[in-house]
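Subject: Structure for your attention

Dear colleague,

Please find below the structure that I am handing over to you.

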Amino acid sequence: MARALLALGDDLQAEATCPICLELFSQPVLTECGHSFCRPCLEAVLGKPPRPAACPQCRATVAPGSLRPNRSLAAVAGLAEALGDEARQPRCQTHGEALSLFCESCRRPLCPLCREEPPHRQHRARPAEEAARQLRETLQTNLVFLRKEKEEFKPEGEKQSNVLLEKVASERQRLRDTFRELQQFLREQEGVLLAQLDQAHDELTTELCEYVSSVSKRKSLLDTLVAEIEKKRDQPVVEFLMDVDKTLSSCEVAKAPIPEPVSPELQRTIKNLSEMSQLVVGTVAKFKVNLLREMDREKVKVTLDPETASPFLILSKDRKTVRLGDGQEDLPDTPKRFMGSSSVLGCQGFTAGRHYWELEVGDGDSWAVGVAVESVQRKDSLSMAMGKIWALRRDWDRKYTALHMPPTSLALKEEPRRIRVHLDYEAGQVTFYNAENMMQILQLKASFTEKVFPYFWLWSQETYIQLCA
């Protein structure tokens, strides 16, 4: 029906269209030959001043004073214009009807037929004009609010970022300057110490040459004196006594001690330089250790908590190593103690921040390391506590499992022996690394709301878990 009316409207508009301007008639007039035109259009044909002209349709003569108003056609043109406005309104693509309603639940215009179909049948619908009026008021209210927000909108995020960027650049430059000054200082001290060692080396070389020369001269003198005395002792008396004094003098020279290869003063100098060198090496080693210790603030010292240790486990005196015992120890069943699984917690728990600790495992299997929340189940088996534990486990068949909910099998390319466990409380992450090459083994996601403790489980006498310093 709606499409038929639209077609009828198109026909009506065609009949109410001026053949000159091809628009709906405006002040239509009728000529003597029976044709209608817009008065302005026909007056333009007649010219100024008006003069007879040919009818634009039939070429009959149109006299200026012969035009008569066509009021009926003007009314038809008005109806055609109204019908055209109605036809230009958006219509339902499904039914072709005018979108005269508005569904408040779906916030979309509807036609009357859409209103009776699901899902709009159960929704509240209002006339489109009424809904548009109310929504215009709502948008106007939002516009006033948003304009005010726009005027007052002065975000500080960029300023804060710029301040932090400046701080990062400043710290970066300060570190560069500090290390440059340190390198310059070390180079200067290196130059001083090496110059002293070079000087000692030169002096040692000089004294060595002098010593070698003295030894060579003494050897030559001894060879000469021995041969001379062996020859002289058999000479006649007067001949023997003629230059015996010279020979005796040469003997005294040969008896004189040979100078030390290294002078006592040079020996003291070398000793002092050696002590200085050892002091520098030791100081630099301590400096590196202390600097790394100060920089690595995330590393924590973890010790095993004997109050939580299962009766099947044996802890070392320093509480750094745990092994599986031969049997069950006679220990009190306290609320903290694991009785259903061979587990133990670390002494220190965490409620915020980033922390890591490292440990070594033996060559055996059946071990697990990770973290557990304080409310972890301690009286039942390990499987009952799975939802409160995030750990890496090596099973009895030498395969690896990610202990969380649900447990997941892992395919590792290498067997880690030294493991780093990293906890990021706020991010809810527990990450495991092979501490020997810092390759990531596994990362588990969590959402921590209580204290978190280092967790250890062991069920093999062939292995151990030892916390690293």
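Which element gives the largest share of the nonpolar patch? The largest share, 3 residues, comes from helix 9.

Before the details, please note that this is a predicted model, in which local features need pLDDT of at least 70 and side-chain atom pairs count only at pLDDT 80 or more, while totals for chains, interfaces and linings use all residues. Residues are numbered from 1 along each chain as its sequence is written, and side-chain values use heavy atoms, with hydrogens and water left out.

The surface patch

The nonpolar patch is formed by Leu175, Phe179, Phe287, Leu291 and Met295, which together have about 490 Å² of accessible area (Shrake-Rupley method with a 1.4 Å probe, only the protein chains shown counting as cover for residues). A patch of this kind takes residues with over 30% relative accessible area and no salt bridge, and joins nonpolar side chains (Val, Leu, Ile, Met, Phe, Trp, Tyr) within 5 Å, whereas like charges are joined within 9 Å. A salt bridge is a side-chain nitrogen of Lys or Arg within 4 Å of a carboxyl oxygen of Asp or Glu.

Two or more patch residues come from each of helix 6 (157–232) and helix 9 (264–295). Helices (H or I, at least four residues) and strands (E, at least two) are DSSP runs, numbered from the N terminus. Phe287 belongs to helix 9 and is partly exposed, because its relative accessibility is 41% (buried is under 20%, exposed over 50%, partly exposed in between, with a 1.4 Å probe and protein chains only).

The aromatic rings

The whole structure holds 6 aromatic pairs (rings of Phe, Tyr and Trp, the last by its six-membered ring, with centres within 6.5 Å; planes under 30 degrees apart are stacked, over 60 edge-to-face, the rest tilted). One of them joins Phe338 and Tyr455: the centres are 6.1 Å apart and the planes lie at 65°, so the pair is edge-to-face. Phe338 is in the loop between strand 10 (321–324) and strand 11 (343–345), and Tyr455 is in strand 20 (residues 452–458), 117 residues apart. Phe338 is buried at 1% relative accessible area, and Tyr455 is buried at 0%.

Trp367 and Tyr400 also pair edge-to-face, at 6.2 Å between centres and 70° between planes. Trp367 lies in strand 13 (residues 367–373) and Tyr400 in strand 15 (residues 400–403), so this pair ties together parts 33 residues apart in sequence.

Yours sincerely
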